[in-house]
Each structure stands twice: as C-alpha cells, then as structure tokens.
Amino acid sequence: MACRLADSSFLLKGPQQKRIHGHRFVSLYPTGTSLLKWEALPQHKTKTQKYVIPLRKGKIVKAVASPITPPLPSDSAERRQELCENYGFRQIGESLPDNITLKNIIDTLPKSVFEIDNMKAWKSVLISATSYALGLFMIAKSPWYLLPLAWAWTGTAVTGFFVIGHDCAHKSFSKNKLLEDIVGTLAFLPLIYPYEPWRFKHDRHHAKTNMLNEDTAWHPVMKKHFDESPFFKKAIVFGYGPIRPIMSISHWLIWHFNLSKFRSNEIGRVKISLACVFAFMAIGWPLIVYKVGLVGWIKFWLMPWLGYHFWMSTFTMVHHTAPHIPFKSSEEWNPAQAQLSGTVHCDYPRWIEILCHDINVHIPHHVSSKIPSYNLRMAHKALQENWGKYMNEASWNWRLMKTILTVCHVYNEERNYISFEEVAPEISEPIRFLRRVMPDYA
C-alpha cells in the first residue's frame, strides 16, 4: 500500500479495501487507486498530534473521485515534441496508417521527378571532378596544420563520386544502361568499392529497409549474437559506439568481396567489378607511391578515403537509426511505413549537400529509388505537402549523434533499442565515455 498527502487529498494504491491504523477505506476505482478528499473525512482535534485524523474504528469512508493527469499517449503531439527535444529531431512524424500503401505515396509525386536529364547528370559529374581536383590541390599546397581541412573537403568531394555511382546503380543517371554501368564502375574506383556487389546488396537494402535481419545496411545488434564471445562483445561495443562513424569500412569488407554472399546469376558481374577494383589497386596505388612516396599515398588517397567513409557511415546511420524508429520482423513489416516513416531527412551545411548531391534528402529516395539525385528536393517538397505529418526530419546536431551512438545498440521488441550500458555495463565504458565527452547541443 502507498499513501501520500498532496493538494488536500490522500492517494491510496492497492486492493479495493484499505486499512490504516485500524480504519478501513473503500476504493471506487477498479484499478485500486483511491483519492480521499481531506474535507470528506470526519475530523477530531487531538492535543498531541494536530495533523493526525483519527477515524472511528470500523467506519467505512468512501473515496471521492478526483481527476488524475494521465501520462501522455505514445503518439500524441506533446509526446512527439518531447521526443524531438530528447533525440535532437526537428519533427517526429505520426504513425502512418496501416492501410496506406507505398503505391498510394508514389502516386502523389509529380511525374517530372522521375525524368532523367542528361545535362543535370553530367553537371553532377563536373561538380565532383572539379571539387575533388581542388581538394588534391589543397592537399599538395597546404601546410601540415591545414591538412585536416583539405582532407575534410576532399573526403566530402569524393563522396560525390559515390552518389553518382549510386544513381547509376539505381538506373536513374542515364537512359543508356551500358553507360550507367561504365560510369558507376569508374565513379566507385577511387573508393575501391566494387560497383556490382554494392548494387546487388544495396537493392536488397531498399527492398527490406528496416526489416530485422534482412536489411543489409545498419540494423540493431541481436542479443544472441552479442553474447557469442567476450571478444566479440567488446568489438561490437566499440563498433556501435566510438568508431561507428567509420564502421562502413567493415561493411565494405564483409559484404562486397565474398562470392558466397551472392546468387549464382550475380557472380559473373561481381567478378568483373572485383577485377576492376583489384586492377586499380595494383596499378593506381604503386603509381601514387612512385610519384609521391608512401607518405604521399597516405596524404592523397588514404585520408580522403577515410573522410568518405565518415560520410558513408554518418549518412547511413542517420537515415535509418533513431530510438523511435523500429526494425520489424518480416511478418510485421510494412513497406510504406518503413520507407516513409522509417527514413530520416537530415539537413547539413549547404556545401556538404552540394558536394554530396543531396543524398541527405533521403525520404523520396526510399519512396522510389528511380528518382535522380537532382530531383530529390522537388520530390521531398511534394511528400511534405501530402504526407508531411508522417515524416521524420532533423538538422544535423550533436544531440542527434549522441543519441545514436549511446542509445541505439541492441534490439528490443518493446523499446526498439536498449543501450549496451543496460545489457553489459561491465564492458560499456566506451559508451559512458561518449556520454561524458560528446556535446549535447541540438
């Protein structure tokens, strides 16, 4: 039994009948919560304890109902606003009704967003080529203390090559499909990313977005996998914590070079892409070392490549990872909910968006991957007009990143995610370190 005095009332919890100091009380609430109004109780003065209200033994006092403020509904506007502030979001969308299909959403997009424009496509190639060349010039001419800025620019610029190859893989770059495959393969070469293996795996990410186990991009850690070995557990804590912003490197290694991960009808094209990547490494890397030495290879290739992986990791996890966005089993999965409400739009500084060809405008890309990158903003505007209240939006901020890195770890059916600190506190010092040192600005 619990009892407290607040606003001239007693709040009683427990069975319907209560006994306090030999006196009985009857609850009017079937749940066992009773409010006893002070004025309703018979009162007698006492010489020793003026605040005590003795009742005649055996007297039954009926509780007077008084409204209690209920908790906020899980999908109320107030609750969503609270989550926005906690997680660093600008908007957290309402739940999309189950009867809405992905076709319903696509049908609201203007036909013009699907049109391929060769001029715009080659303009994106020009932007990436010139910005990458400028970055290499900056690396060559910068004093040592300005090199981090030059690497940041060049890593962002070379991410633009990835986005061009990304459009080619989705067949939204050119009407000439052979040209698309050639451009896509060449765009991926500086990143030593095999084009066809990535295309096959990425198509599955779109087909199974936020589907537990089947999605080939970021997904929560499964508890049974986490518990496999002590070494594995510690590696995963670091991977989903401090080094998560470059963990796309492990994804690149694990998913794209193992032939056993591909279907038999994919193997031929996979082998061609792998041959191109190995040829670039066998010819390009020695040429770089020959011209500028091993240190030059680190300066001109490795550091921008790490910068690219920072953006690859950051874009991917921000697009689909938040405490309120669920991963669901194949039986419960809903395509419209996963693509529209399970994808996040995030704004970045404009120079980043230009160099990366608006890849951050990601919701329309998941509604239909056939929309070229240069039409994503037009499509996003149409989605806002028709489905805006169901969409998740943010501007990049430290609280957003801190939430992802310190909370979104292990799958939980009720809560979506639970932190490593809750599952394995004894090895979660890297997560506690992030909580201490990361800013909390939104």
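# Briefing: burial, ring pairs and helix packing

Phe173 is buried, with a relative accessible area of 2%. The model it belongs to is predicted. The chain has 442 residues, and 49% of them count as buried. It holds 17 helices and 10 strands. Among contacts with a separation of 6 or more, 68% join residues 24 or more positions apart.

**Aromatic pairs**

- The count of aromatic pairs comes to 25.
- One of them joins Trp122 and Phe173, with ring centres 5.5 Å apart. Their planes stand at 75 degrees, so this pair is edge-to-face.
- The Trp122 and Phe173 pair links distant parts of the chain, 51 residues apart. Trp122 lies in helix α3, while Phe173 is in the loop between α4 (147-169) and α5 (177-188).
- Trp122 is partly exposed, at 39% relative accessibility. Phe173, by contrast, is buried at 2%.
- Phe188 and Tyr195 also form an edge-to-face pair. Here the distance is 5.8 Å centre to centre, and the angle between the planes is 80 degrees.
- Phe188 is buried, at 0% relative accessibility. Tyr195 is buried too, at 1%.
- Ring pairs also build a cluster. Its members are Trp252, Phe257, Phe278, Trp285, Trp297, Trp301 and Trp305.

**Charges over rings**

- Lys201 lies over the face of Phe262, 4.9 Å from the ring centre.
- Lys261 places its charged end over the ring of Trp255, at 5.0 Å from the centre.

**Helices α4 and α5**

- The axes of α4 and α5 come within 8 Å. They cross at roughly 155 degrees.
- An angle over 145 degrees counts as roughly antiparallel, and α4 and α5 are therefore roughly antiparallel to each other.
- The crossing of these two helices is left-handed.
- On the α4 side, the residues that meet α5 are Phe161, Phe162, Ile164, Gly165, His166, Asp167 and Cys168.
- On the α5 side, the partners are Glu180, Val183, Gly184, Ala187 and Phe188.

**Ser128 in helix α3**

- Ser128 sits in helix α3, which covers residues 118-141.
- Its relative accessible area is 0%, so Ser128 is buried.
- Beyond its neighbours within four places in sequence, Ser128 is in contact with Ala157, Gly160, Phe161, Ile164, Leu355 and His357.

**Tyr417 in strand β10**

- Tyr417 is found in strand β10, residues 416-418.
- Tyr417 has 5% relative accessibility and counts as buried.
- Pro326 is 91 residues away from Tyr417 along the chain, yet their C-alpha atoms are separated by 8.3 Å.
- Leaving out residues up to four places away in sequence, Tyr417 touches Pro220, His320, Thr321, Ala322, Pro323, Ile325 and Phe327, and also Val407, Cys408, His409, Val410 and Asn412.

Conventions: Residues numbered from 1 in each chain as written. Predicted model: local features only at pLDDT ≥ 70, side-chain atom pairs only at ≥ 80, totals over all residues. Heavy atoms only, no water. Helix = DSSP H or I, 4+ residues; strand = E, 2+ residues; numbered from the N terminus. Buried < 20%, exposed > 50% of the residue type's maximum accessible area, 1.4 Å probe, protein only. Contact = heavy atoms within 4.5 Å. Phe/Tyr/Trp six-rings, centres within 6.5 Å; stacked < 30°, edge-to-face > 60°. Lys NZ or Arg CZ within 6 Å of the ring centre and 35° of its normal. Axes fitted to C-alpha atoms, helices over the stretch in contact; angles between N-to-C directions. Parallel < 35°, antiparallel > 145°, perpendicular 65-115°, else oblique. Left-handed = near helix turned anticlockwise from the far one by under 90°.
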